[in-house]
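Q: I'd like to learn how to read a few backbone and surface features. Could you walk me through them?

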Amino acid sequence: MLSRQVQSSILQRVLQRYDPSFHSTIYTSSHVALYKYTTKWDRTSTEGNIIIYRRTTLPSTKLVIFNKKDRGVFEVYLGGIEVDMVRDIIVFKNEAFCYGIWMVVEREREVLVEVVKRIEERMEKSRKLLDKIRE
């Protein structure tokens, strides 16, 4: 089994190859399943590791799921996204989409919701500050 330090180093190299703007990891979890809501919740084919990370360019924060099933990547930039927990699904939505993320461990779901809410709050404060400066 690889140590956390070695795993972190490997993850950073993967993210740097995937996104040259990668700066630092905010959150990781080993297994999630992705759902999409249209008129009902449908499970997508995306399952795998979830990572939220900071970028050196705008948009500054990104959530990705590296799909273990088909090597695809689900990605969404954070900012202007509502997040909440509905039963055992973490709901991410804005005007354009509504996705759900399922995680086995309840505490991990709670932590992910807290992390995303904090990020969204900071981004909203930054937007308001920029708006004031522009006035």
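A: First, the labels: helices (H or I, at least four residues) and strands (E, at least two) are DSSP runs, numbered from the N terminus. With those labels, Arg87 sits in the loop between β5 (82-86) and β6 (89-93). Please keep in mind that this is a predicted model, in which local features need pLDDT of at least 70, side-chain atom pairs count only at pLDDT 80 or more, and totals for chains, interfaces and linings use all residues. Residues are numbered from 1 along each chain as its sequence is written, and side-chain values use heavy atoms, with hydrogens and water left out.

Q: What is the phi of Arg87, and is Arg87 buried or exposed?

A: Most residues other than glycine have a negative phi, and most peptide bonds are trans. Here, Arg87 has a positive phi, near 55°. For accessibility, buried means under 20% relative accessible area, exposed over 50%, and partly exposed in between (1.4 Å probe, protein chains only). Arg87 counts as exposed because its relative accessibility is 78%.

Q: And what about Arg71: where is it found, and what is its phi?

A: Arg71 belongs to the loop between β3 and β4 (73-77). Its phi is positive too, near 70°. With a relative accessible area of 72%, Arg71 is exposed.

Q: Which residues does a cis peptide bond join?

A: Leu58 and Pro59 are joined by a cis peptide bond, with omega about -10°. Pro59 is part of the loop between β2 (41-55) and β3 (61-67).

Q: How much space lies in the largest pocket?

A: Rolling a probe the size of a water molecule over the atoms shows where empty space is left. On a 1 Å grid over the protein atoms alone, a pocket is an open set of points where a 1.4 Å probe fits, with protein on both sides within 12 Å along at least five of seven lines; lining residues have an atom within 4 Å of a point. Grid points are joined across faces, edges and corners, and a volume is the space filled by probe spheres set on the points. The largest pocket holds about 590 Å³. Of its 20 lining residues, Gln7, Leu11, Thr28, Asn49 and Ile51 are the closest to the centre.
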